Structure formats: structure tokens, C-alpha cells
Amino acid sequence: MTIASEPVNAPPADFATRVHGTLMGGALGDTLGYLVEFDSLSEIKTTFGPSGLLDLSQASGQLHFSDDTQMTLYTLDGLLEVLEWANGGVGADANACQWLAYLRWLKTQGIRAAGHAPEQPSRWIDRQSVLHHQRHPGNACVTGLATGEMGTTFRPVNPDSKGCGTVMRSAPYGLLPNVPAETIYKISFDAASLTHGHPSARQSSGAFSWLIHALAIRGLSLRGAAESAKARAEEEAGADPDLLARLDAALTLSAKDGAPLSGGSLTDALGLGWVAEEALAVGIYAVLATAYDSASPVEHFLAAMRLAVNHDGDSDSTASIAGNILGAFYGESAFPLAWLKLAEAPALIRHLGAEFIKLTAG
């Protein structure tokens with residue numbers, strides 16, 4: 001999975017905490033946002049008070065992550081299978097392994113693909129009962145996989161769909177070390193085609209994985225990584241104008257002095273997050289607009305999460321993306337201990353992260 005003419009990015013000394021941070025940060029943001037995913041801002045304030053949803057402790061009952069984290073973990077498991085084959089001296093088609101992983105995820109949702117879809121032996125992740133729950137899976141993800149056809153860039157399923165289901169699951173690609181950034185982009189771009197056919201869905205996924213790679217592996221700053229992702233998006237043949245406009249707005253608006261945009265002002269400027277380029281832009285903006293020099297990693301994480309969920313749009317996906325970004329940047333030091341104690345299945349997430357670290361960095 002390397003291109004000889006490009007630099008290969010070795011894992012940094014703090015690789016392990018960045019991997020665990022990316023995965024858990026996304027899960028925590030997803031968990032907070034899932035509490036209000038389908039609520040308007042006025043409904044959020046009615047339930048949680050005039051300041052909106054501020055903390056996981058405000059929830060009543062057991063907390064859950066959504067399909068965003070489920071699919072992120074299955075993305076990771078697809079990569080684990082590729083790495084297992086590679087470490088055994090056998091090459092594997094990364095996108096085919098990813099498709100098979102998503103088909104196994106589909107089965108956990110109680111949905112079977114068309115009869116001609118391939119079957120695959122169960123893996124460790126498939127036996128984890130906590131993942132066998134429907135948490136409002138995205139329509140394009142379900143329908144694209146249920147066809148039993150492996151979507152590609154040249155033979156897309158759901159050709160008009162640009163839902164955020166591609167972006168919210170794609171952080172693990174960016175965690176691959178010893179792989180050129182351009183290859184990271186292509187793996188993520190191709191995998192988006194498994195369920196979504198619109199160019200923006202593919203390009204947004206590639207840009208997001210590029211951003212995570214820039215943070216977790218290459219060590220760029222938050223703004224530097226976001227600018228790098230935008231520059232890569234601009235280089236794409238047939239670059240989607242909506243994606244470029246949203247990324248430009250997120251970078252420009254987050255650089256302005258004053259209080260960050262929030263609520264309706266935020267979504268008026270960047271979108272509601274139901275489609276890929278909007279979810280990516282809101283997640284990036286939430287991270288950059290709350291990056292004050294005086295803030296600790298935990299303070300920054302909390303501020304970004306609160307900005308990312310308190311709006312009329314797709315709160316779990318925008319917060320999940322922001323959480324992935326901050327986890328890739330800070331590692332595990334960004335998370336409030338109280339949140340980790342409330343999180344769903346942290347041991348499962350950590351186990352999969354540890355397997356990934358073992359197979360990529362030893």
C-alpha cells in the first residue's frame with residue numbers, strides 16, 4: 001500500500017496514545033451528540049437548559065454511541081484484516097476487506113445483504129454483543145451494502161448520495177503509519193464508494209483521513225492539518241465546489257477574533273452536517289474556533305464538543321468528527337475522566353486500538 005516516489009511516514013513516539021485518542025475521542029463525541037441527534041436547538045435547550053447540552057452527566061439512563069462509532073470500529077477491523085494478511089506475507093485488497101467488514105456490520109444490524117453477497121467467517125468484533133444494536137444507521141450505508149454489490153468509483157452504488165456516513169467512519173485510515181499521505185487519501189476515497197456515489201462523499205472522506213494522518217502521524221498543528229486537507233481537496237481532479245467552499249468557510253471563520261459561531265449561526269454558515277462536506281466543515285470549525293492558547297487539552301475538548309452538538313443538525317456526526325480530530329492531536333490527555341467512566345464499551349474500543357498498534361508499530 002505504498003507509492004515508492006512518496007515519503008513514507010513512520011509512527012511517532014506517541015503513536016499509541018494518538019491511536020487510542022482518535023478512536024475514543026470520536027466515540028465520546030458521538031455519545032454526547034447521539035443524545036440530541038434528531039433534536040432542534042430549541043428542543044435541546046428545553047431538555048437541558050438554556051446553555052444546551054454541556055456534559056455526559058446530564059443524560060438520564062445508560063449512554064450509547066451510535067452507528068458512527070460502530071462503523072468506525074468496523075473500518076478499523078477491515079484494516080486489521082489487511083494488516084494480518086500482510087504480516088503473514090500475503091497481499092490483500094484493502095477495499096475488498098473493507099467491504100466484507102461493512103457487510104459484517106450490516107449483519108449486526110439485523111439486515112442481510114442480497115443473496116449473492118459473499119459470506120465471511122466471523123471475527124472477534126462480530127461476537128461483541130454491544131455492537132448488535134441498531135443506532136439509527138445511515139440510509140445510504142444500509143442500502144448501498146444491502147445491494148450485495150461492491151461499489152467502486154467507476155461503478156458506484158447510491159450515485160447521488162453524499163451523506164456524512166463516509167466521513168464519520170473514516171478516521172482509522174488516517175492512523176496508518178508507514179504509508180504515504182496520498183495513499184491514505186486514496187484508500188479512504190475508494191472505501192467511501194462502497195456506499196456513497198457522489199464525488200463530495202468520496203472527496204470529503206479522503207480529506208478527513210488525510211487530516212487525521214497529518215495530525216497523528218506527521219505531527220502537524222490543528223490549523224496546519226486542516227489547511228493541508230483543504231489543499232489536497234483542491235488538487236483532486238473534479239474537486240467538488242461545495243466541499244471546497246465549506247472547508248474554506250471553516251478555516252476563514254475560525255480564524256476571526258471574537259466568540260465562535262454557535263447554534264443557528266454555525267449551521268447557517270457551514271450547514272447542518274447531514275451531508276459529508278458539511279459534517280467535516282462543522283467538525284473542523286468546532287476544533288479550530290475553540291483552540292485558545294490558555295486552554296488545557298480537556299478544556300479544549302469540552303468546548304469543541306459543546307459547540308459541535310448544540311445546533312439543529314447531525315450532532316453526533318459533527319461531534320464524532322471533532323472528537324476524532326482532537327484525539328489524533330492530543331492523544332488520550334484530552335478526555336475528562338468522568339466521561340471515560342460513563343462511556344459505552346471503552347474496553348472494546350481499546351482492545352481494537354491495541355490490535356492495530358501491535359500490527360502497525362509492534
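Confidence comes first. Across the protein the mean pLDDT is 96, with 98% of residues reaching 70 or more. Residues 1-5 are a stretch where the pLDDT falls below 50, although the model still gives this stretch 12 contacts beyond near neighbours in sequence. Where pLDDT is low, predicted coordinates should not be read in detail.

Helix H15 covers residues 346-361, and its 16 residues reach 22 Å from the first C-alpha to the last, close to the 22 Å expected at 1.5 Å a residue. Its buried residues are Leu348, Ile349, Leu352, Gly353, Phe356, Ile357, Leu359 and Thr360. The cover over these buried positions includes helix H1 (15-34) and helix H3 (67-87). The backbone on either side of H15 also deserves a look. Alanine 345, placed in the loop between helix H14 (337-342) and H15, has a positive phi of about 50° despite not being a glycine. Just after H15, glycine 362 takes a positive phi of about 80°.

Within H12, the residues His300, Phe301, Leu302, Ala304, Met305, Leu307, Ala308 and Val309 are buried.

Tyrosine 173 sits in the loop between helix H5 (139-146) and helix H6 (181-192), while glutamine 98 belongs to helix H4. With buried meaning under 20% relative accessible area, tyrosine 173 counts as buried because its relative accessibility is 1%. Glutamine 98 is likewise assigned to the buried class, because its relative accessibility is 1%. Leaving out residues up to four places away in sequence, tyrosine 173 touches Thr75, Leu79, Gln98, Tyr102, Ile184, Ile187, Ser188, Ala191 and Ser209. With neighbours within four places set aside, the contacts of glutamine 98 are Tyr74, Thr75, Gly78, Leu79, Tyr173, Ala191 and Leu194. Tyrosine 173 and lysine 186, 13 residues apart along the chain, have C-alpha atoms separated by 9.8 Å. For glutamine 98 and aspartate 77, 21 residues apart along the chain, the C-alpha separation is 8.1 Å.

Charged pairs come next. Side chains of opposite charge can pair when their charged atoms come close. The model holds 17 salt bridges by the rule of a side-chain nitrogen of Lys or Arg within 4 Å of a carboxyl oxygen of Asp or Glu. One of them joins the side chains of glutamate 84 and arginine 123, with an N to O distance of 2.9 Å. This pair links distant parts of the chain, 39 residues apart: glutamate 84 is in helix H3, and arginine 123 is in the loop between helix H4 (94-108) and H5. Glutamate 84 counts as partly exposed because its relative accessibility is 34%, whereas arginine 123, at 15%, counts as buried. Both residues also take part in a network of salt bridges that links Asp77, Glu84, Arg104, Arg123 and Asp126.

Another salt bridge brings together the side chains of glutamate 277 and lysine 162, again at 2.9 Å from N to O. Glutamate 277 lies in helix H11 (residues 276-289) and lysine 162 in the loop between H5 and H6, so this pair ties together parts that are 115 residues apart in sequence. Glutamate 277 has a relative accessibility of 2% and counts as buried; lysine 162, at 17%, also counts as buried. A further salt bridge is formed by the side chains of arginine 232 and glutamate 236, at 3.3 Å from N to O, and both of these residues are buried.

Two details remain. Phe38, Leu272 and Trp274 make a nonpolar surface patch of about 290 Å², and phenylalanine 38 is located in the loop between H1 and helix H2 (41-48). Histidine 136, in the loop between H4 and H5, has a positive phi of about 55° although it is not a glycine. Histidine 136 counts as partly exposed, with a relative accessibility of 45%.

Notes:
Residues are numbered from 1 along each chain as its sequence is written. Side-chain values use heavy atoms; hydrogens and water are left out. Helices (H or I, at least four residues) and strands (E, at least two) are DSSP runs, numbered from the N terminus. The expected span of a helix is 1.5 Å times one less than its number of residues. Buried means under 20% relative accessible area, exposed over 50%, partly exposed in between (1.4 Å probe, protein chains only). Contact means heavy atoms within 4.5 Å. pLDDT is the predictor's confidence in each residue, from 0 to 100. Patches are made of residues with over 30% relative accessible area and no salt bridge: like charges are joined within 9 Å, nonpolar side chains (Val, Leu, Ile, Met, Phe, Trp, Tyr) within 5 Å. Accessible areas come from the Shrake-Rupley method with a 1.4 Å probe; for residues, only the protein chains shown count as cover.
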